[in-house]
Amino acid sequence: MSEAKDFNHETHPDWCPGCGDFGLLQALKKTYPLLNLNPHDLMTVSGIGCSSNLPGFINTYGMHTLHGRSLPIAQGFKLGNHKMTVVAVGGDGDGYGIGVGHLVHAMRRNVDITYLVMNNEIYGLTTGQTSPTSDLGMKTKSTPFGNPEVPINPLTLALASGCGFVARVYTGHIPQLVEILKKAIEHQGFALVDTFSPCVTFNKVNTHEYFKTNTVDIQKEGHDPSDIYAAYKQATRTDKIATGIFYQNVRSCYEATEEETLAEPLYRHKLGLTEEEQAKLCAEFI
Amino acid sequence: MSQKKESIVVRIAGAAGDGIASAADVFGRICARQGLHVTAYNSYQSAIRGGHVWYQLNIGSQKTLSHGEAPDVAILLNRTSPAVHIPQIKKGGVVLYNSSIIPDDLSSLRKDLTYYGLPFRELVKDPGVIAVMANTMLIGSLVQLLNLNPQVGLDFLSEEFTRKGDKVIQLNQLVFNTGVDWIKKNGKSLELQLNGDGIKRMLLNGNHAFGMGLLAHGLKFYAAYPMSPATGILHYLAQKAKSHKMVIKQTEDELAAINFVIGAAHAGVRAACATSGGGFSLMVEAVGLAGMMEEPIVVINVQRGGPSTGIPTKQEQGDLNLLLGASHGEFPRIILAPKDITDAFHTAGRALNLAEKYQTPVLILSDLYLSESFRTTEPFKVTLPIERGKVQTEAGSDYKRFLITEDGVSPRLIPGAPNGMYVSASDEHDEKGIVISDVLAGLPASLEIRNKIQAKRMKKLEVARTEDMQLPTVSGPEKADLTLLGWGSTYDAIEEACQILNANGHKVNHLHFTDLFPMPEGVHELLKNCKEIIGVENNFTSQMCRLIRAETSYHVQRTINRYDGEPFTGEDIANRIKKEMTHV
């Protein structure tokens, strides 16, 4: 049995005081023991950005990789050792900007990993430029006259891409976050959790106060996550910012298609061929 | 045509979609099964239907070292091919064609050739027959023309069509025999000494050899995005995925392919990917990631004509510079360039071993010619045991993933062990993996760590240079007046050139590189002892000669470069050398 403190790392996060990412880190440490996961059962994979520093602040196995490439690496790792729980983390620039191509394919491929996007609607580590989720008209250092592009809606993108678990939550709402993380990790297949994780330094619009005021928990409103059309409606509503589990289905995950090969984790397979097997391969060309 | 030749060059030409590749395969396999040697080159275009496509096969009693220059015999399959190919046929050569498709009087094009037009529609009236079977008839006529054993052809067809049932087998055999009988009745077999030695060899290409080599040496994960001329490896492995329990993934792009491979390698799986130059360009950032995180990955770059989309179905050795400089910053890499199909098989295994020994990317340079041309090859036997280097599955709490060691290689813990948790980062990090790039960057302690950890990684290069990199091979007369210097797939063509030149009274030998980087000690010594060197490269800028100069200070001043998209043949090189010599 693990406890939250088992996941504490000797390195203290270098995030700005008040950064929304602290909420996710705290929630992860609370969630893993609820799932009976030990530090060595977990692989945390990230890309590049403030939020992608997270693997260095939590005591699990980790890979802190390239900007936008966390998902291919996480999927490759999972296929190599599917007995470990793989959690990919990163920011909106990482996941919805430079890495959005991989995201779409990861969702339809459905490898059993959980992807947590700390979405602050701004580029923080590069000191405040527009992001793929910045609001239309938002003034940033790279859009001093207002962002001329409409933001990506990660939820409808996920629904359209065949994602089997689609959720959104504000990182300041820890109990709701823990509940969603637990279900996302338990979900057998690719799970996307878009988290509002405010950047206290560079985003003066989408603040903690903003999310506290404007979000609503759709589970409390009785939303049925098996209804994909209702999920689209929730994801596009304008009266409030919907949070909660928008959609969940029970499509079998990618690993199931490789059932025989993955009866044993790939990394544990015996390597090499017998002389007979080798001769048989050659005979095909004679 | 000269009498009693021991080899013959056959060209099968038509449009894409005419079934040329399968006709060439049938004919090549018939030759191989008689113990003849075959070298076959597919000259194709980036089109699915139409255009001009041809397969050229050099068949010999002895090993044929290239696909040959001008053909002795041509099979022409469509009406546009005579104008293209008839001018190229050797003097006194033979043309076989289907006169139901090509009704024209071809003799007006050249008088010195023998023309055998077989009227397929008149000869074969069976209602089950389809147009593409005319190819089988022409192969039958070719077999008879070359005086090969038709029974081998009939047996092959019987095996080839087993799944389609007796009716299809019988029909194909009937059509094949029609071609054989037509030549018996209306033509004359050539006077040849094509004697097989009875040894059954494989007929396969370099991509098959890479695929089989990876599989035989423990590959468990492979990812790729389709790109000619590397796709053959994906096709081979995909077909073997279930029977040999591998995960073979087509990914959304090359960035995903290499990063999947890094993820799988990190999990402790032998993993590789392959692509061509354009795809490799996309992979470049991740090559550096593998260097920084010390991940054992193998990447095969099957070169084609560049730059950019270039001439995608044609030959070039243009990517050596790309591999040498792939990714920003400095990290150790190993670059190997196998010289032929057998070497491709063994190099695949060697690369997997070296990647795990040094925990760093191993890059293999192939090219269209090596990867896609078919050769008769003795069946492969694994000679290299699988060696996985410093890998462990258990660790104490003091485990350091990037421990500084004598040889620069740290103990590699497969994730999952209790107590061993570590993070591998693309950021610079200390021995434990803690990043020093953010709040510690530039502080005095970090400067020292950076120096030590960078030196540790780079140490692998020096160890590999002395322990694993092999010197170039030297073949031919020891004291030669001229040495031809090559690398990778040009090996056989340069050997053939040496044979031609030496038969003409010259004294030429051949120095050939397969281990390109890090360059082993002793290369300068070898080069210094040569009287005169000409570099032979399938590129414009003599990239290997530049590397040699950078690494050894030896300046190879004279070069022969071919960059028109075609591979070298011995005859081609020999002709260019003769010209070079008159310039001396």
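In this predicted model, strand S8 (residues 221-224) of chain B pairs with S9(B) in the parallel sense, over four bridges. Within this pair, Tyr222(B) stands opposite Ile248(B) in S9(B). Both strands belong to an open sheet of seven strands in chain B, with the order S9-S8-S10-S11-S13-S12-S21 and mixed pairing. Strand S9 (247-250) and strand S21 (515-517) of chain B form the edges of the sheet, each pairing on one side only. On average, and with direction ignored, neighbouring strands of this sheet are turned by 20 degrees against each other.

Further along the order, strand S10 (residues 271-275) of chain B and S11(B) are joined in the parallel sense by four bridges. Here Ala272(B) is placed opposite Val298(B) in S11(B). Between S10(B) and S11(B) the chain passes through helix H10 (residues 277-293) of chain B, and this β-α-β crossover is right-handed. H10(B) packs on the sheet, where S10 and S11 of chain B are touched by the helix, and its direction makes about 155 degrees with that of S11(B).

Strand S11 (residues 298-303) of chain B is mostly covered, with six of its six residues buried. Val298(B), Ile300(B) and Val302(B) point one way from the strand, while Val299(B), Asn301(B) and Gln303(B) point the other way; all are buried. S11(B) also runs parallel to strand S13 (residues 362-367) of chain B, to which six bridges join S11(B). In that pairing Val302(B) faces Ser366(B) in S13(B), the two standing opposite each other.

Ala167(A) stands opposite Val193(A) in S6(A).

Contacts between the chains involve 45 residues of chain A and 56 residues of chain B. On the side of chain A that touches chain B, strand S2 (61-64), helix H2 (70-80), helix H4 (100-109) and helix H9 (275-283) each supply at least two residues. H2(A) gives the most to this side, with eight residues.

The largest nonpolar core has 248 residues, of which Val166(A), Leu142(B), Tyr222(B), Val261(B) and Ala272(B) touch the most other members. When residues up to four places away in sequence are not counted, Val261(B) touches Gly76(A), Phe221(B), Ala223(B), Ala271(B), Ala272(B), Cys273(B) and Ile297(B). A second, separate core has seven residues, including Ile122(A), Tyr123(A), Cys199(A) and Phe202(A). In soluble globular proteins, nonpolar side chains tend to be buried together.

Among the helices of chain B, helix H1 (residues 20-33) has 14 residues and spans 20 Å from its first C-alpha to its last, close to the 20 Å expected at 1.5 Å a residue. Because 11 of its 14 residues are buried, H1(B) is largely enclosed by the rest of the structure. The buried residues in H1(B) include Ile20(B), Val26(B), Phe27(B) and Ile30(B), as well as Arg29(B) and Arg33(B). Following H1(B) is Gly35(B), whose phi is positive, near 80 degrees.

Helix H8 (residues 231-240) of chain B is likewise largely enclosed by the rest of the structure, because seven of its 10 residues are buried. Those buried in H8(B) are Thr231(B), Gly232(B), Ile233(B), Leu234(B), Tyr236(B), Leu237(B) and Lys240(B).

Val152(B) lies in helix H5 (residues 150-160) of chain B. This residue has 17 C-beta neighbours inside 10 Å and therefore counts as partly exposed, since a buried residue needs 20 or more. Val152(B) touches Ile30(B), Arg33(B) and Gln34(B), not counting residues up to four places away in sequence. Val152(B) and Ile139(B), 13 residues apart in sequence, are 12 Å apart in space from C-alpha to C-alpha.

Terms used: Residues numbered from 1 in each chain as written. Chains lettered and ligands numbered in written order. Predicted model: local features only at pLDDT ≥ 70, side-chain atom pairs only at ≥ 80, totals over all residues. Pairing = 2+ DSSP bridges. Expected span 1.5 Å × (residues − 1). Buried ≥ 20, exposed ≤ 12 C-beta atoms within 10 Å, placed from the backbone. Right-handed = clockwise from strand over helix to strand, strands pointing away. Core = buried A, V, L, I, M, F, W, Y, C linked by C-beta atoms within 7 Å. Contact = placed C-beta atoms within 7 Å. Axes fitted to C-alpha atoms, helices over the stretch in contact; angles between N-to-C directions.
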